[in-house]
Amino acid sequence: MEKTINITLKVWRQKGPKEQGRFETYKLNGISGDTSFLEMLDILNEQLVNEGKEPVAFDNDCREGICGMCSLYINGHPHGPDNLITTCQLHMRHFNDGDTISVEPWRSAAFPVIRDLMVDRYAFDKIIQAGGYVSVNTGGVPDANAIPIAKPIADEAMDAASCIGCGACVAACKNGSAMLFVSAKVSQLALLPQGKVEAKERARAMIARMDELGFGNCTNTRACEQECPKGVSISNIARLNREFLKAKFAE
Amino acid sequence: MYWLLNSSIGRKVIMSVSGIFLILFLLFHMSMNLTLLFSAEAYDMICGLLGANWYAIAGTLVLVAGVAVHILYASLLTLQNRRARGSKGYLASSKTDTEWSAKNMYVLGIIIVLGLLLHLWNFWYKMQFAELTGIHTGEHLPHEGAAYVSELFACPCYCVIYLVWLGAIWLHLTHGVWSAFQSVGLSNKTWYPRWKTISYVVSTIIVLGFAAVPIKFLLFNV
Ligand code: HEM
Ligand code: SF4
Ligand code: FES
């Protein structure tokens, strides 16, 4: 039987980056368990608009777990209580009738709130701009068999490449560290022949940018990998540390 | 080598190397303590060897430097990380499933420092300090470690204080050991579980070795 629930929401409302924010409490009735979390917020917004109030601003785009835009801190978890999913993939069946659900933006000095639940994650783009690409000329497309890559290596690279840049790792980290994100972006290239050439320099440049932007120092609490919707592993952070140290010792 | 100071990974390398150095020292100190379980004379002989000799003084200075660097960087990292976290906290406190010790390394460190100060007052001040300065700070001769130990642990409350201190060290090291190797990049999917096991083994060996003396006093009062 389909489950419907009545819930109370505590939502962070903030008019602009410089404004003082506060929590607002809203009640929603008869929410179906099959409603996604963002659809539930759509229902809330419709209700707010009908009452002549400002709707809640939140980031989202694909609503299928691939773009990395959705970013809500729900009941003490980035992307909510379910594992290995983004906020947009979370469904209301994970909540019970009568629950109070807190909905907050990512919190980190490097991710300032723009409005309500939206934060500015441009810092991630700046880190990518510092070196998250291949700039050597790799020539034309080679024959698929010409550069053999061992399956475990290819798998590691693909796992790292699954990072969608959502920032849940930063939101989860008590140190506001971006190491899981940076390590995924360094690893996806460092493991493959085209990216290996610049691996050390890339690690050096991206870490320098990351530090400059005010992200914290990783203390290996593993909160990031626990909350990452894509299951990116901290073994990537070890690789990033390795590449960075290799770069520094080669100087 | 400036990167050691001005990059996040560099600072972590300093934490890692100083931490591993302190672990090696703990292993060394713990093995010496074990002699006390068998022979008070042997223990006093070791205490005599580590008095005011040049190598004992050099060792002490290196150790002080290691401790100072570790504490200094722990404080710096903790401050920087709090700033990076931002002034606004979450309404719902984190429900992320992480190890308690991993998130409380600084708190554990403070307990360790407090225990250390007490420990220096209990022993170092009456032993190496007394020998170096010639001031009689204790009842016994500076190298009579066994006498000082049995005097202190005659009081069960001191046994308990030392055991609590050791508990904090155990928690610090169960996270610290694997974390130190992760920080310098010596880990991956295969080695992470291995380092984790090694962390528990090393911390348990160290702590049980140290705890043996106060436990012996608690149980047998000698
Ligand atoms: C018994 C002496 C001690 C030993 C053997 C020890 C060992 C370690 C080790 C191996 C680490 C891991 C380093 C890493 O993650 O790379 C560590 C981290 C840490 N230690 Fe200690 N430590 C000791 C005392 C202290 C003291 C006295 C303090 C501070 C007041 C302290 C504060 C910290 C902090 C905050 C961390 C985490 C920092 C980070 O991961 O970046 N420790 N310790
Ligand atoms: S590592 Fe995971 S949590 Fe961090 S940005 Fe990438 S997908 Fe999001
Ligand atoms: S909206 Fe694209 S991942 Fe959630």
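Which residue, with a positive phi, follows H10(B)? In this predicted model, the residue that comes after H10(B) is Asn221(B), and its phi lies near 60°. Along its course, H10(B) bends by about 40° at Ala212(B), with a proline, Pro214(B), following within four residues.

His70(B) belongs to helix H4 (residues 54–85) of chain B and His172(B) to helix H9 (residues 156–183) of chain B, so the two histidines tie together parts that are 102 residues apart in sequence. Both His70(B) and His172(B) are buried. For comparison, the ideal angles for six octahedral donors are 90 or 180 degrees.

The contact between the chains was examined next. Chain A contributes 51 residues to this contact, and chain B contributes 42 residues. The area buried between chain A and chain B comes to about 3600 Å², and carbon and sulfur atoms give 56% of this area. On the side of chain A, the residues that lose the most area to chain B are Arg107(A), Asn217(A) and Asn220(A), which together make up 18% of what that side buries.

Chain A itself contains nine helices and seven strands, and its C-alpha atoms fill a box of roughly 60 × 45 × 35 Å when taken along the principal axes. Of its 251 residues, 54% count as buried. Among the contacts in chain A with a separation of 6 or more, 69% are made by residues 24 or more positions apart.

One buried residue of chain A illustrates such surroundings in detail. Ala184(A), which lies in helix H5 (residues 179–190) of chain A, has a relative accessibility of 0% and therefore counts as buried. Once the neighbours within four places in sequence are left aside, Ala184(A) is in contact with Ala160(A), Cys163(A), Val232(A) and Asn236(A). By contrast, the C-alpha atoms of Ala184(A) and Ile149(A), which are 35 residues apart along the chain, are separated by 19 Å.

Definitions and conventions
Residues numbered from 1 in each chain as written. Chains lettered and ligands numbered in written order. Predicted model: local features only at pLDDT ≥ 70, side-chain atom pairs only at ≥ 80, totals over all residues. Heavy atoms only, no water. Buried < 20%, exposed > 50% of the residue type's maximum accessible area, 1.4 Å probe, protein only. Bend = angle between axes of the 7 residues up to and from the residue. Contact = heavy atoms within 4.5 Å. Buried area = accessible area lost by both parts, 1.4 Å probe.
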